[in-house]
Amino acid sequence: MSDIAVADKFYESFASRDIDGMLSCYHDNVTFEDPAFGKLTGSKAHNMWRMLLQQGDAGLKITHTTPIVKNDKVVTNWEAHYKFSKTGRQVHNIITANMTIKDGKIIDHKDAFDIWRWSRMALGTTGFLLGFTPLVKNKIRSQALKALKKFESQQ
């Protein structure tokens with residue numbers, strides 16, 4: 001399978017809520033990083049996706065652009081539409097993914113998005129007023145990692 005096909009399969013599986021399909025694209029020692037969770041490796045990255053699909057909004061809608069290869073990375077833009085569980089607010093997150101594929105599996109996956117934009121949608125006034133501050137960014141990460149730890153303890 002080509003590197004582009006691996007990334008495409010990952011997002012097609014995500015869009016259809018097929019966790020096994022998603023994780024079949026990941027290397028066992030994958031490193032994932034984004035503004036909400038920070039850096040996760042191996043099973044933590046796998047479990048983050050499991051958690052998001054199992055506990056997330058049933059109305060989650062994922063779309064993505066056709067991946068391209070750029071500077072030895074597979075790059076795709078993807079969007080998530082969902083209701084944030086903590087506040088019930090609608091979120092439309094726009095993300096750029098950079099992936100390194102090794103031996104037909106994603107070994108490194110970095111998602112980039114505007115955390116202040118996300119916090120304005122997910123948190124409302126608090127996100128608008130304080131979402132750009134380190135205090136709120138750290139709180140978002142702390143809560144995301146706490147939720148992941150709780151999820152893992154229940155598996």
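Visitor: In which helix is isoleucine 4 found?

Guide: Please keep in mind throughout that this is a predicted model. Isoleucine 4 belongs to helix H1, which covers residues 3–15.

Visitor: Is isoleucine 4 buried, partly exposed or exposed?

Guide: The general idea is a pair of cut-offs: buried means under 20% relative accessible area, and exposed means over 50%. Isoleucine 4 has a relative accessible area of 32%, so it is partly exposed.

Visitor: Which residues is isoleucine 4 in contact with, leaving aside its neighbours within four places in sequence?

Guide: With those neighbours set aside, the contacts of isoleucine 4 are Pro67, Ile68 and Val69.

Visitor: Where is aspartate 108 placed, and which residues does it touch?

Guide: Aspartate 108 is in strand E7, made of residues 105–112. Not counting residues up to four places away in sequence, aspartate 108 touches Val30, Thr31, Lys73, Asn98, Met99 and Thr100. Its side chain also makes a polar contact of 3.1 Å with the side chain of lysine 110.

Visitor: Why does aspartate 108 count as buried?

Guide: Aspartate 108 counts as buried because its relative accessibility is 15%, and the cut-off for buried is under 20%.

Visitor: Which side chain is joined to that of asparagine 47 by a polar contact?

Guide: The partner is glutamate 152, and the contact is 2.9 Å. Asparagine 47 is found in helix H3 and is buried, with a relative accessible area of 13%. Apart from neighbours within four places in sequence, asparagine 47 is in contact with Leu148, Phe151 and Glu152.

Visitor: Where do aspartate 72 and aspartate 103 lie?

Guide: Aspartate 72 is in the loop between strand E4 (68–70) and E5, whereas aspartate 103 is in the loop between E6 and E7. Aspartate 72 counts as exposed, at 72% relative accessibility. Aspartate 103 is exposed as well, with a relative accessible area of 71%.

Visitor: How many bridges join E1 to strand E2?

Guide: There are four bridges between E1 and strand E2 (residues 38–41), and the two strands run antiparallel. E1 and E2 form a hairpin, with three residues between them. Across the pair, aspartate 34 stands opposite glycine 38 in E2.

Visitor: How many residues line the largest pocket, and what is its volume?

Guide: The volume of the largest pocket is about 1,000 Å³. Its lining has 38 residues, and nearest its centre lie Phe37, Leu52, Tyr82, Phe84 and Trp118. By class, 23 residues of this lining are nonpolar, seven are polar and eight are charged.

Visitor: Which element gives the most to the lining of the largest pocket?

Guide: That element is H6, with nine residues. The elements that each supply at least two residues of the lining include strand E1 (26–34), helix H3 (43–55) and helix H6 (134–153).

Technical notes:
Residues numbered from 1 in each chain as written. Predicted model: local features only at pLDDT ≥ 70, side-chain atom pairs only at ≥ 80, totals over all residues. Heavy atoms only, no water. 1 Å grid on protein atoms, 1.4 Å probe; cavity = no way out; pocket = protein on both sides within 12 Å on 5 of 7 lines; lining within 4 Å. Points joined across faces, edges and corners; volume = space filled by probe spheres on them. Nonpolar A, V, L, I, M, F, W, Y, C, P; charged D, E, K, R; others polar. Pairing = 2+ DSSP bridges. Buried < 20%, exposed > 50% of the residue type's maximum accessible area, 1.4 Å probe, protein only. Polar contact = N/O pair within 3.5 Å; in protein donor to acceptor, adjacent residues only side chain to side chain. Contact = heavy atoms within 4.5 Å.
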